[in-house]
Amino acid sequence: MSNLVVCDHPLIQHKLTFIRDKDTKTKDFRELVDEVATLMAYEITRDMPLDTITVETPVATAQSKVLSGRMLGIVPILRAGLGMVDGILKLIPAAKVGHIGLSRDHETLQPTEYYMNLPTDATERLLIVVDPMLATGGSANAAIGSLKKRGCTQIKLMVLIASPEGVRAVQEAHPDVDIYAAAVDEKLNELGYIIPGLGDAGDRMFGTK
């Protein structure tokens, strides 16, 4: 079963409050999402393996740690996921970025992939799928499924706010994918919005509400 990690650091929770606030302006909303993504990146990379190397300090020789070469990739779900990418890149500038575009089929109501662009070595990387909201889980499951079909096996999911229903959906469909969230909210309403949530993340991020 997928491991759910709720990133409850005080700074994350403080900033999340203002992300939720309906009176937060587009510029501030975007900056806050960027900052929270950086803070969450610390948590999601906590178990990255390390190697020991020898370095010369100004006064002595030291045995010190470096990342052992496990490469990272960031895969935002378009469009709202784009707002989390730069925040992660601030911490992991060597990560490569791919993109997944999904649209909802009006007949089946299921997400359909309309765009996919991945690093050429994506199958060798630990991929972090990012999207501010995990509501029904449909988009996250479709994105993860698309990656797996292309041979990607190391995948984690990072979201700001999740619903219990969305968490269960991902856990059932992809029990090998760990989920990182800043908060798990109460429920989904009849329209599929997370309650209390933060509204439509894409509209608030890009000023299209």
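1. The largest pocket has a volume of about 710 Å³. A pocket here is an open set of points on a 1 Å grid over the protein atoms alone, where a 1.4 Å probe fits, with protein on both sides within 12 Å along at least five of seven lines. Points are joined across faces, edges and corners, and the volume is the space filled by probe spheres set on them.

2. This is a predicted model, in which local features need pLDDT of at least 70 and side-chain atom pairs pLDDT 80 or more, while totals for chains, interfaces and linings use all residues. Numbering runs from 1 along each chain as its sequence is written, and side-chain values use heavy atoms, without hydrogens or water.

3. The pocket lining comprises 26 residues; Arg104, Asp131, Ala135, Ser139 and Asp200 lie nearest the centre. Lining residues have an atom within 4 Å of a point. Strand 4, strand 6 (99–104), strand 9, helix 4 and helix 6 each give two or more residues to this lining. Helices (H or I, at least four residues) and strands (E, at least two) are DSSP runs numbered from the N terminus.

4. By class, 13 lining residues are nonpolar, 8 polar and 5 charged. Nonpolar covers Ala, Val, Leu, Ile, Met, Phe, Trp, Tyr, Cys and Pro; charged covers Asp, Glu, Lys and Arg; the others, Gly among them, are polar.

5. Strand 10 (residues 155–162) is largely enclosed by the rest of the structure, because 8 of its 8 residues are buried. Buried means under 20% relative accessible area (1.4 Å probe, protein chains only).

6. Strand 10 has parallel partners. Strand 8 (residues 126–130) joins it through 4 bridges, with Ile128 opposite Lys156. Strand 9 (residues 133–134) pairs with strand 10 over 2 bridges; Met133 faces Ile161 there. Strand 11 (residues 178–184) pairs with strand 10 over 6 bridges, and Ala162 stands opposite Val184. Pairing requires at least two DSSP bridges.

7. Strand 10 also takes part in right-handed β-α-β units. One runs from strand 9 through helix 4 (residues 138–149) to strand 10. Right-handed means a clockwise path from the first strand over the helix to the second, with the strands pointing away from the viewer.

8. Check the cis peptide bonds. Leu78 to Arg79 is cis, with omega near 5°. Arg79 sits in the loop between strand 4 (72–78) and helix 3 (82–91). Ile195 to Pro196 is cis, with omega near 0°. Pro196 lies in the loop between strand 13 (194–195) and helix 6 (201–206).

Note on methods:
Buried < 20%, exposed > 50% of the residue type's maximum accessible area, 1.4 Å probe, protein only.
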